[in-house]
Amino acid sequence: MSPDTPLLSRLRTLLTDHADVLHTDPETLAAHSRDAAPFSEAGTPAVVAFPRTAEQVRHIMRTTYELGVPVVPQGARTGLAGAANAIDGCVVLSTARMDRILEIDPANRLVRCEPGVVTKRLNDAVAEHGLSYPPDPASWEHCTIGGNIATGAGGICCVKYGVTADYVRGLDLVLADGRRMRTGRDTAKGVAGYDLTRLLVGSEGTLAVIVGATLGLCPVRPPALAMLAQFPTLTAAGDAVAAITAAGHVPSALELLDRATSQAVADHGHPMMTPGAAATLIIESDTAEPARDLASMALLCKEAGSRNVVTASGSEESRQVIEARRLVTPALGAFAATLGGRPTAFIEDVAVPRSELAKFMGTIEEIAVRNRLRIFTLGHAGDGNLHPTVVFDESDADEFRRAQTAYDDIMAAGLALGGTSTGEHGIGTLKREWLTRELDPVSLELQRGLKRLFDPKNLLNPGKVVEA
């Protein structure tokens, strides 16, 4: 972009430290052109802005609104739906440098922070006050609070503790035209007016730019114990999940690995995983008596047909059990390395009713066979949210086409079972078509109307979620 364009000239005039805030070098533009989603189109931004204050965000938004320039908000770019992908000529507005924890309020169990605070850093900070921020996305060592809120992120422990939306008490926002507003309140209860806070959570940067958040906190979680159970069939694993739920257990994690994923982790050398299992459950309990709780759940797993149950007796064994879940990514990486070409993967995000979990996983295995692909399915069995992961060689045109076909087949199968196209990753660009299939026409029109109300010029993250 030339130095004398109206956009850059105006922004440089408004931003006194513009050399630090505005970047147009090719390396920065390329690095901020997209998030971590495959199969998603991305353009080249005109400029990447790194504001440090809400007032700088207001200057940027007022200018882009007057000039009709689109803005794409970004956090850490760990998203998996293309929601943070740039479009040609846009301003990418990164909130990564707005990373202050403003106040920790133990009396009211609240924390106020800016959007660029990394999720794990926030939890570590509040832990010093005997509190915790429970949402724990898999990328929590890198992802930011603003991105979590924008996508409505979940996590491994959400089966017991809920998702990001359950902890957002209020938001500080800048609208498309530069106006600033606040939603929510600090009180424990409050139902005055429409719930704009909930509306903004999961809106993927299409309605406003988040410049601050007030989040609810919980007491620090008690020490947890974990167990691992492997099953000869998917149905048996599904029966165990149903039995655990029906018995009233509320595990702090209830993760499910299918046959391919279980085998990959076993091949990667995890000592507790035996080869040949059709499914693996990884369960964690942080109740007042976790050993007793796990013993009861272990019995339910055995009654459902588990042939390998390992129950931890202490923190180190629990760490080893949970390590089986954390080894999935390196195990799939090791498999991908055997493919040759340009190995890549897409991580799907479909949620179905818990009662349909085993059937859905079986259908995914059929889709893998039909398309001659390796699909590794893992996910949060406690709430029916699965992440089928297709590993393929993107340099092979036919394999790339089959991977795209499998993606669509998985989406269709999930919706056919009464599920949803996304449990926690969002719509972005990847799932716009599937959103139109999932929502009825009236719901879709109301969503488009909300977009037009907040963003009448369609400048905020255009082309994402719903078209205005």
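**A close look at the core and its helices**

Reply: Let's start with a pair of helices: H9 passes H11 in a right-handed crossing. Keep in mind that this is a predicted model. The axes of H9 and H11 come within 8 Å and cross at roughly 145°. On the H9 side, the contact is made by Ala236, Asp239, Ala240, Ala243 and Ile244, and on the H11 side by Met297, Leu300, Cys301 and Ala304. Sort those by class and you get eight nonpolar residues, no polar ones and one charged.

Now for the core itself. The largest nonpolar core has 45 residues, and both H9 (234-246) and H11 (290-304) are among the elements that give two or more residues to it. In general, nonpolar side chains tend to be buried together in soluble globular proteins.

Which residues have the most contacts inside this core? They are Leu281, Ile283, Cys301, Phe360 and Ile375. Take Ile283: leaving aside its neighbours within four places in sequence, Ile283 is in contact with Leu225, Ala226, Met227, Ile244, Pro251, Ala253, Leu254, Leu294, Met297 and Cys301. You've met some of those names already: Ile244 belongs to the H9 side of the helix contact, and Met297 and Cys301 to the H11 side.

One last thing to look for: apart from this core lies another, of 27 residues, including Ala208, Leu215, Leu217 and Phe454.

Note on methods: Residues are numbered from 1 along each chain as its sequence is written. This is a predicted model: local features need pLDDT of at least 70, side-chain atom pairs count only at pLDDT 80 or more; totals for chains, interfaces and linings use all residues. Side-chain values use heavy atoms; hydrogens and water are left out. A nonpolar core is a set of buried Ala, Val, Leu, Ile, Met, Phe, Trp, Tyr and Cys residues joined through side-chain atoms within 4.5 Å. Buried means under 20% relative accessible area, exposed over 50%, partly exposed in between (1.4 Å probe, protein chains only). Helices (H or I, at least four residues) and strands (E, at least two) are DSSP runs, numbered from the N terminus. Contact means heavy atoms within 4.5 Å. Axes are lines fitted to C-alpha atoms, for helices over the stretch in contact, and angles run from 0 to 180 degrees between N-to-C directions. A crossing is left-handed if the near helix is turned anticlockwise from the far one by less than a right angle, and right-handed if clockwise. Ala, Val, Leu, Ile, Met, Phe, Trp, Tyr, Cys and Pro count as nonpolar, Asp, Glu, Lys and Arg as charged, and the others, Gly among them, as polar.
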